[in-house]
Amino acid sequence: MLRYEGAVYRPPSEARSLIVQLTIGCAHNQCTFCTMYRDKRFRIRSLDEIRADFREAGILYGGHVRRIFLADGDALVMRTPDLLEILEFAKSCFPDVERISSYGTPADINRKSEEELVRLRRAGLELIYLGAESGDAVTLENVRKGVRREEIIAAGCRLRRCGIKSSVTLISGLGGRERLREHAVGSADLISQMKPDYVGFLTLMLESDALIMDEIRAGRLTLLKAEDVVEEMRLFLQNVDSEGTVFRSNHASNYIVLKGTLNRDIPQMLRYLDEIREQGRFRPERARRL
């Protein structure tokens, strides 16, 4: 039986993937909006443990696995030789695998040389999910992201140069009403510079014990209403320039389901936002979830 320590998180697009934990938790684990790994003490699993999980999964699922996701929060923190060994072993267990992906923090990506990243791509690591959250420097500092916007941009550009696909996540409402414009326009500029393969928006939803709740209770951060999210999204789409990037705002947390390809579908998406705002057709609060 595969071992999973604590709750396991994965991107929505990895719903049908085999998930194997390379690390437990998140090495940073200080973002004020995030409670995903609060109950975990970070550690890197041993190669023997990881190989045992892949070996067991191979016996259980055999030729049914087409995608593999390497968890938890930052698998790329592992040494490159160890990652290369894991990728080789995973493919030996699942010779029909079509894609291997993982989360990757900007710090972990930037810490690796471009030669290392190319080697990982050639070994089968095709896609990295990069949580940018915001392109606004002040918002990043306020939420204790632990990385500057310039470092996020550098990480995304490095992945593109090395041939690894990237999926960048942003969080609508993270700057509150106080920094709505700065968050939207800054995030548009961030994506315009990174030009990722995919960009996805979540909408801020919080557990009661999230550290950012202190800011909200003190009145220093005002959560966005659905109408504010439309305004923020309009600003993002009006300012972004990333031809060919697949855009999605269809997570369960979102008030609005929006999808298209930048820049081609921006006019159509803007018209749809206007229709949603005029008709008030937002996803009800009771239907939103993390």
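What follows is a chat about a predicted model, from the whole chain down to single residues.

Visitor: How many helices and strands does the chain have?
Guide: Let's start with the overall size: the C-alpha trace spans about 55 × 40 × 35 Å along its principal axes. Within that, the secondary structure comes to 10 helices and 10 strands.

Visitor: Why can the chain be called as compact as a globular protein of its length?
Guide: The globule rule gives 19 Å for 290 residues. The chain is as compact as a globular protein of that length because its own radius of gyration is close to that, at 19 Å.

Visitor: What percentage of the contacts with a separation of 6 or more joins residues 24 or more positions apart?
Guide: For some background, 52% of the 290 residues are buried. As for those contacts, the share from residues 24 or more positions apart is 77%.

Visitor: Where on helix H10 do its buried residues lie?
Guide: H10 covers residues 266-279, and its buried residues are Ile266, Met269, Leu270, Leu273 and Ile276. Seen down the axis of H10, they fall within an arc of 120 degrees, so they line one face of the helix. Residues three or four places apart in an α-helix point the same way, because there are 3.6 residues a turn. For H10, then, the buried residues are found on one face.

Visitor: Which residues are exposed on the other side of H10, and what covers the buried ones?
Guide: On the other side of H10 you'll find Arg271 and Glu278, both exposed. The cover over its buried residues includes helix H9 (226-239), strand S9 (246-249) and strand S10 (258-261).

Visitor: Which residue follows H10?
Guide: H10 has 14 residues and reaches 20 Å from its first C-alpha to its last, close to the 20 Å expected. After it comes a residue with a positive phi, near 65 degrees, and that is glycine 280.

Visitor: What do the buried residues of helix H2 pack against?
Guide: H2 takes in residues 80-93, and its buried residues include Leu83, Leu84, Ile86, Leu87 and Phe89. Their packing partners are helix H1 (47-61), strand S4 (67-71), strand S5 (99-103), helix H4 (114-122) and S6.

Visitor: Is aspartate 136 buried or exposed, and which side chain does its own make a polar contact with?
Guide: Aspartate 136 sits in the loop between strand S6 (125-133) and helix H5 (137-142). Its relative accessible area is 7%, so aspartate 136 counts as buried. Leaving out residues up to four places away in sequence, aspartate 136 touches Arg179, Glu182, His183 and Gly186. Its side chain makes a polar contact, at 2.6 Å, with the side chain of threonine 139.

Visitor: Why is cysteine 34 not in a disulfide, and how many disulfides are there?
Guide: Cysteine 34 is buried, with a relative accessible area of 17%. The closest cysteine sulfur to its own belongs to cysteine 31 and is 6.3 Å away, so it is too far for a bond. The count of disulfides comes to zero.

Visitor: Where is serine 208, and which residues is it in contact with beyond its neighbours within four places in sequence?
Guide: Look in the loop between strand S8 (198-203) and helix H8 (213-217). Serine 208 is exposed, at a relative accessible area of 60%.

Visitor: What is the phi of arginine 144?
Guide: Arginine 144 lies in the loop between H5 and helix H6 (149-161). Arginine 144 is partly exposed, with a relative accessible area of 49%. Its phi is positive although the residue is not a glycine, with a value near 60 degrees.

Conventions:
Residues are numbered from 1 along each chain as its sequence is written. This is a predicted model: local features need pLDDT of at least 70, side-chain atom pairs count only at pLDDT 80 or more; totals for chains, interfaces and linings use all residues. Side-chain values use heavy atoms; hydrogens and water are left out. Helices (H or I, at least four residues) and strands (E, at least two) are DSSP runs, numbered from the N terminus. The expected span of a helix is 1.5 Å times one less than its number of residues. Buried means under 20% relative accessible area, exposed over 50%, partly exposed in between (1.4 Å probe, protein chains only). The arc is that of the directions from the helix axis to the C-beta atoms. Contact means heavy atoms within 4.5 Å. A polar contact is a pair of N or O atoms within 3.5 Å; within protein, one must be able to donate a hydrogen and the other to accept it, and residues adjacent in sequence count only if both atoms are side-chain atoms. A disulfide is a pair of cysteine sulfur atoms within 2.5 Å. The radius of gyration is taken over C-alpha atoms; the globule rule is 2.2 Å times the number of residues to the power 0.38.
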